[in-house]
Amino acid sequence: MINFVLTRLLRAAVTIAAVVTFAFVVLRMSGDPAQVLLGPDAPQDAVDAFRRAWGLDQPLWVQYLAYLKSIFTGDFGVSMRDKAPAIELVLERLPATLQLTVPALLLKLLIGIPVGVYAALHRQSFADRGVILLAVVGFTIPSFVMGLVLVLIFSVILGVLPSGGQDTWVHGILPTITMSIGGIGILARFSRSAMIEVMGQPFIRTASAKGLKWRDVVWSHALPNAAIPIVTIVGFMVGSLIAGAVVVESIFSWPGIGRLLVVSVTNRDLAVVQCILLVIAAAMVVSNLVVELLYGWLDPRLHARAGH
Amino acid sequence: MSSVNTMNERPSAGPATGLVAYVRRNVALSVSLGILWLAGMVLVAALADQLRPYGITDMDLSSRLAAPGATKHWLGTDELGRDVLSRLIQSIRVSLVIAFGATIISAVFGTALGLAAAQFRGFVEHLVLALADFQAALPFLIMSLAVLAFFGSSMVLLVCLMGFYGWERYARIARGLAISAGAQGYAASVVQLGATPARVYLRHILPNVASTLIVSMTLTFPEIILMESGLSFLGLGVQPPETSLGNMVGFGREYLTRAPWIMLAPAAVIMLTTLSISLVGDWLRDRLDPTLR
């Protein structure tokens, strides 16, 4: 078990290191931020002063070491626009993003999994076919199309829901729905196939054969086993919560991290983009780690293969 | 694509009489419609120049924001009086070309790395797997946003960037399949006969694992279309005056209340295309993936 946990921790650390390096390489080597921020007409001494102030005149490896040091001391740099620490700007926006993503995640779980399990238990029925079709439609519609269609219907034509802003909880309805529909489709489909696979296993036949009630077979034999693959996809969803907010927040002018990222990218605000990149990657890696550890707990068979 | 056809013909070797009867018996209606739609899209993309009634930047200032159904403009016009249908046709071409190019790059790149990992094992394998972990850990949209904004968006960069989409899946699949194929008799025997590693992989192992890789391609293709549309929607993908489906939706959004058709036409095309690919891809997977039999 210790070995299993250590391998996973090591892999998570390596991944974080790779993301940190990626952020540095891409953001520092892709152009001269001094020129970009000050404009092409800026006098040379102003550019030089700017570069000295941000350490951009140092050799790349010196910049890299300084960068690593600051990351490890929790210093993610200062926004070149607002002159505020990048991490503060990001944390300031975090609650707004969570206001959308957490309800959206709950909707995905509370609708997607039961619907998928129901479809699996009533295979080939009318409901099952409907679920499959809706699930496919749900996750093939990109969120920006879904969001705009919802705005068109509920804000423009019916005029019942606001199309943007963050003033009241009512403003959160359309973004939350937009964000959750794709995930509901994916989860429904995934739970359905996981459940179908489990229901075909010999131990389910054994459980039925020994005379267990159907409900007990489903609840205590099928569901726990189907949970293993479902946990994987849920973990992935948790990790990509913030990333998934980018498009939706842009559509609905929601002042969260996703919108901050798009704005900072357009403004080439290095420190903020880098900080968001690291926050998102950390969220992904941590939730992957939790999933893998949960996996080890849910499925003891995996310990044997943990070393691979 | 030739391998797809040969694979498809195999089950039809039965008592099928005529293509139409075969299709009617073996292909669901939704899949047939999907194939038809996709064929139509490919045709539109190929003949874009001939089909387009107007140039994509031709402005008809006297009929700005004209509603669909107008005699001169079937799908209406946008805020500058540009013909929506013409722009839609060009967008289909641009989006399909990007997605197609990117899918090929991603498949070749990922498969090559996966086979390299299987051949060399040790350090190379760890490196490839670490890179794959990294790619999977960083949401692709976020990575592309960073890269595009900092390098500025150009068509070549966009295709190359999209070419990184999903490579880690091919790499993992190719590595896994190649390792298990390497343990089988046929690979061992050609190695014994003195074949070079390149020959073993390209002539013997690759054809045997191709069907699974092709299925992954049908999965990544619509995802790349969605990814490119998303980036273009945010204004960071295809840049004007060139147009793409996401780009049209993004600009059409400004006129959602006054001229929803600018946005609805490309949105419908995106939905129908990805839906079709999804349906056809599932069908192909059921057909081709031996592990599902």
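Among contacts in chain B (C-beta atoms, placed from the backbone, within 7 Å) between residues at least 6 apart in sequence, 69% join residues at least 24 apart. Do keep in mind that this is a predicted model, where local features need pLDDT of at least 70, side-chain atom pairs count only at pLDDT 80 or more, and totals for chains, interfaces and linings use all residues. Residues are numbered from 1 along each chain as its sequence is written, while chains are lettered from A and ligands numbered from 1 in the order in which they are written.

**Chain B**
- Chain B has 13 helices and zero strands, taken as DSSP runs numbered from the N terminus (helices: H or I, at least four residues; strands: E, at least two).
- Of the 293 residues in chain B, 43% are buried, meaning 20 or more other C-beta atoms lie within 10 Å of the residue's own.

- Beyond its neighbours within four places in sequence, A:Leu277 touches both chains, being in contact with A:Val19, A:Ala23, B:Ile142 and B:Ala146.

**Annotated spans in chain A**
- An unreviewed UniProt entry lists "transmembrane region" for spans including 169–190 and 271–295 of chain A; such annotations may be inferred rather than shown by experiment.
- Residues 271–295 of chain A are 100% helix, with end C-alpha atoms 36 Å apart.
- Residues 169–190 of chain A are 82% helix and 0% strand, with end C-alpha atoms 31 Å apart.

Technical notes
A residue is buried if 20 or more other C-beta atoms lie within 10 Å of its own, exposed if 12 or fewer, and partly exposed in between; C-beta atoms are placed from the backbone. Two residues are in contact if their C-beta atoms, placed from the backbone, lie within 7 Å.
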